[in-house]
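Hello,

Have a look at it first, and then read on.

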Amino acid sequence: MVHDEPAGELADEAEEVALAVMEASQLMIEVSARALGAEDESLTLAQLRTLVVLHTGGPVKLASLAGTLGVNPSTATRMTERLERSGFVDRQINPDCRREVVLRLTGAGARLVERTLARRRAEIARWVALIPGRERTELVAGLRALSRAAGGPGTGPGEEVRRTRGIMSGAGPG
């Protein structure tokens, strides 16, 4: 691969971009925490991520959810038990394989995810509105380039569930 820039300048620029992305990432975590806190102060961001995976991927096997979240099955079990007690998740035995547990988002869980994501989107939209038009265009191009470099579309929550066939066919959030 040939670069037009000297290696030192490219490394400095990469470091500057990495720091800016990390700063933006921290802002996204903060806005997510605020949005979730406005809806349900008792839930954690990890629990929200679990709900978003279920919202995105539909009913899933517990083992697939654990893999998607990058946690061991016992951690996923504890987390989903808490979400079930809160009325956001329904856990059932898989009728096709009685050793497996299938998780579904309840109506209350889906509404919580939708309201939380809407709050997050609205706050981000307020920030974006403060950015001049040309910089917004450049920001979109830059973020899409970063997404492609990181593996492109289809790398978000729920994609691993779809890829590993963790979804139960014919069912949706309920």
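I use buried for under 20% relative accessible area, exposed for over 50% and partly exposed for in between, with a 1.4 Å probe and protein chains only.

Before going further, please keep in mind that this is a predicted model: local features need pLDDT of at least 70, side-chain atom pairs count only at pLDDT 80 or more, and totals for chains, interfaces and linings use all residues. Residues are numbered from 1 along each chain as its sequence is written, and side-chain values use heavy atoms, with hydrogens and water left out.

The overall picture

The protein chain contains seven helices and three strands, in the order α-α-β-α-α-β-β-α-α-α along the sequence. Helices (H or I, at least four residues) and strands (E, at least two) are DSSP runs, numbered from the N terminus. Of the 174 residues in the protein chain, 26% are buried. Among contacts with a separation of 6 or more, 60% are between residues 24 or more positions apart; contact here means heavy atoms within 4.5 Å.

Helix 1

Helix 1 covers residues 7–39, which is 33 residues. From first C-alpha to last it reaches 48 Å, close to the 48 Å expected at 1.5 Å a residue. That expected span is 1.5 Å times one less than the number of residues in the helix. The buried residues of helix 1 are Val 31, Ser 32, Ala 35 and Leu 36, and their cover includes helix 2 (45–57) and helix 5 (107–129). Ala 33, also in helix 1, counts as partly exposed at 36% relative accessibility.

Helix 2 and its neighbours

Helix 2 has 13 residues and reaches 18 Å between its first and last C-alpha, close to the 18 Å expected. Its buried residues are Gln 47, Leu 48, Thr 50, Leu 51, Val 52, Val 53, Leu 54 and Gly 57. After helix 2 comes Gly 58, which has a positive phi near 75 degrees.

Which residues does Thr 50 touch, leaving out those up to four places away in sequence? They are Leu 65, Leu 69, Met 79, Thr 80 and Leu 83. Thr 50 itself counts as buried, at 0% relative accessibility.

Two packed helices are described by the angle between their axes and the distance between the axes. Helix 2 and helix 3 pack at about 120 degrees with their axes 11 Å apart. Here axes are lines fitted to C-alpha atoms, for helices over the stretch in contact, and angles run from 0 to 180 degrees between N-to-C directions. Helix 2 and helix 3 are therefore oblique to each other; angles under 35 degrees count as roughly parallel, over 145 as roughly antiparallel, 65 to 115 as roughly perpendicular and the rest as oblique. Arg 49, Thr 50 and Val 53 in helix 2 meet Leu 65, Thr 68 and Leu 69 in helix 3.

With helix 5, the axis of helix 2 comes within 10 Å and crosses at roughly 105 degrees. That makes helix 2 roughly perpendicular to helix 5. The contact involves Leu 48, Leu 51, Val 52 and His 55 of helix 2, and Ala 110, Leu 112, Val 113, Glu 114, Thr 116 and Leu 117 of helix 5.

Helix 5

The buried residues of helix 5 pack against helix 1, helix 2 and strand 3; among them are Gly 109, Ala 110 and Glu 123. Arg 121, our opening residue, is in helix 5 too.

The core

The largest nonpolar core has 23 residues, and Leu 43, Leu 51, Leu 83 and Leu 103 touch the most other members. A nonpolar core is a set of buried Ala, Val, Leu, Ile, Met, Phe, Trp, Tyr and Cys residues joined through side-chain atoms within 4.5 Å. Helix 2 gives the largest share of this core, five residues. Leu 51 touches residues including Leu 43, Leu 83, Phe 88 and Leu 112, not counting those up to four places away in sequence.

Best wishes
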